[in-house]
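Work through the exercises below with the sequence and the model side by side. Try each task before reading its solution.

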Amino acid sequence: MFPIRNFRRFFNKFLKQPFYALKVAKKRFLIKLSYKLKFKEALMPEAITIFLTHRCNLSCKMCGQWGEMGITRKQDSLIVNELSFETLQEFIDQISFFRPNITLFGGEPLLYKDCVKLVRYIKEKKLHCLIITNGWLLEEKIIDLVNAGLDELNISLDGAQELHDSIRGLPGLFNKIAKGLIKLKMIKQKNKLKKPLLNIQTTINQYNYLRLEELLDVAENFGANSLTFHNLIFVFHANIEKQKEIDKILNNSSSNWEGFLFSPNIDVDILYKKIKKILSNKYSFDVDFYPNFSYKELKEYYLNPAYKPKQYSFCCLSPWTAAYVFPDGSIKPCLNFSYSFGNIKDKSFKQIWNSQNAKFFRKVLQQNKAFPICTRCTELFRY
């Protein structure tokens, strides 16, 4: 259902959204049970992430898509791919019967011209909706997003003004985000609204790990409901080379993981001390680190290419629990694999989710519990 290490995250979510949290817990329990019992067909997923566009207006230093080593910036053909609102509307109609939680992502999702319109439609279907955004367009979109009924707003922030703008590669970005978040705070206070919940997401990286405390004041000033520090996603050459053996079996390419092929350049001892110090205090908002590693695990994660989690179950449940819809319509089990279960422009979601491609992928994954590249993907630690 939830790894024990993630109980604090679940409990905090339960306090703010009890019915939503219990629905998630029940669904994940049933999915995990079906995995253990090796059902021939997967149950409908708990969550669906829709990547509305590959486009992004930033070049974040640590980003595997648009950063210095980013894969997306090298593939011009990807940028033109975007599904029409009508196609996505039909897709939402298909999946609404099993009530998945919907996340809208990108690229930058607010660059998709019908993003707010899609949020409104998702909420008309009474589905939980979350957006992950860099916040550049937030000031002009926030009133419409609130009125559309958005449940959660996840904003990516890496530090206070100077540091954030430096990492994100766009001067003035922090102040632009600030205007949007202050506007959101005022709207919620004026209308006595609890939603959308504001979740600040920070990626720990070599540029900000010495200054993580800055985010505490930022979160307080913006009236955040939570602040999550995400351990950096990166890979070693050894992970990619071992993954190639699995790729042959699946007729798959995991080359997009090469965008995350860089050294983290993080002093784990300093980082762990900061984690302990931050977590030792109380705040008006929830604070956690994800994955929630012990000192030994943190050291292994950042320094050992052969690392396998012991405190977490070493099995990837993501292809049973979550579906990822890409801008070309393909449904994939992993964000950086070429492997596709099928395309929503050709078949219904129900047909695709338990297609032969899907069953074969899950069979190979279950035989291996997790693939070599999985230890570098934080989805492994979620379920």
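The model is predicted: local features need pLDDT of at least 70, side-chain atom pairs count only at pLDDT 80 or more, and totals for chains, interfaces and linings use all residues. Residues are numbered from 1 along each chain as its sequence is written, and side-chain values use heavy atoms, with hydrogens and water left out.

**Exercise 1. State how many helices and strands the chain has, and what share of its residues is buried.**

Step 1. Helices (H or I, at least four residues) and strands (E, at least two) are DSSP runs, numbered from the N terminus. The chain has 15 helices and 10 strands.

Step 2. Buried means under 20% relative accessible area, exposed over 50%, and partly exposed in between (1.4 Å probe, protein chains only). Of the 383 residues in the chain, 55% are buried.

**Exercise 2. Classify the ring pairs phenylalanine 85 with tyrosine 121 and phenylalanine 341 with tryptophan 353.**

Step 1. Rings of Phe, Tyr and Trp (its six-membered ring) pair if their centres lie within 6.5 Å; planes under 30 degrees apart count as stacked, over 60 as edge-to-face and the rest as tilted. The whole structure holds 30 aromatic pairs.

Step 2. For phenylalanine 85 and tyrosine 121, the centres are 6.4 Å apart and the planes at 80°, so this pair is edge-to-face. Phenylalanine 85 belongs to helix α4 (residues 85–95) and tyrosine 121 to helix α5 (residues 115–124), so the pair ties together parts 36 residues apart in sequence. Both residues are buried.

Step 3. For phenylalanine 341 and tryptophan 353, the centres are 6.1 Å apart with planes at 65°, so this pair is also edge-to-face. Phenylalanine 341 is in the loop between β9 (330–332) and β10 (342–343), and tryptophan 353 is in helix α14 (residues 349–353), so the parts tied together are 12 residues apart in sequence. Phenylalanine 341 has 4% relative accessibility and counts as buried; tryptophan 353, at 1%, is buried as well.

**Exercise 3. Find which residues of α4 are buried and what they pack against.**

Step 1. The buried residues are Phe85, Leu88, Phe91, Ile92 and Ile95.

Step 2. Contact means heavy atoms within 4.5 Å. The buried residues of α4 pack against β1 (47–51), β2 (101–105), α5, β8 (322–325), β9 and α14.

**Exercise 4. Describe the burial and pairing of strand β7.**

Step 1. In β7 (residues 286–290), 5 of 5 residues are buried. Asp286, Asp288 and Tyr290 are on one side, with Val287 and Phe289 on the other.

Step 2. Two strands pair if DSSP finds at least two bridges between them. Strand β6 (residues 226–230) runs parallel to β7 and is joined to it by 5 bridges. Serine 226 stands opposite aspartate 286.

**Exercise 5. Identify the residues with the most contacts inside the largest nonpolar core.**

Step 1. A nonpolar core is a set of buried Ala, Val, Leu, Ile, Met, Phe, Trp, Tyr and Cys residues joined through side-chain atoms within 4.5 Å. The largest has 113 residues.

Step 2. Those with the most contacts inside this core are Ile48, Ile50, Phe91, Leu104, Tyr302 and Phe349. Helix α8 (residues 173–191) gives the most to the core, with 7 residues.
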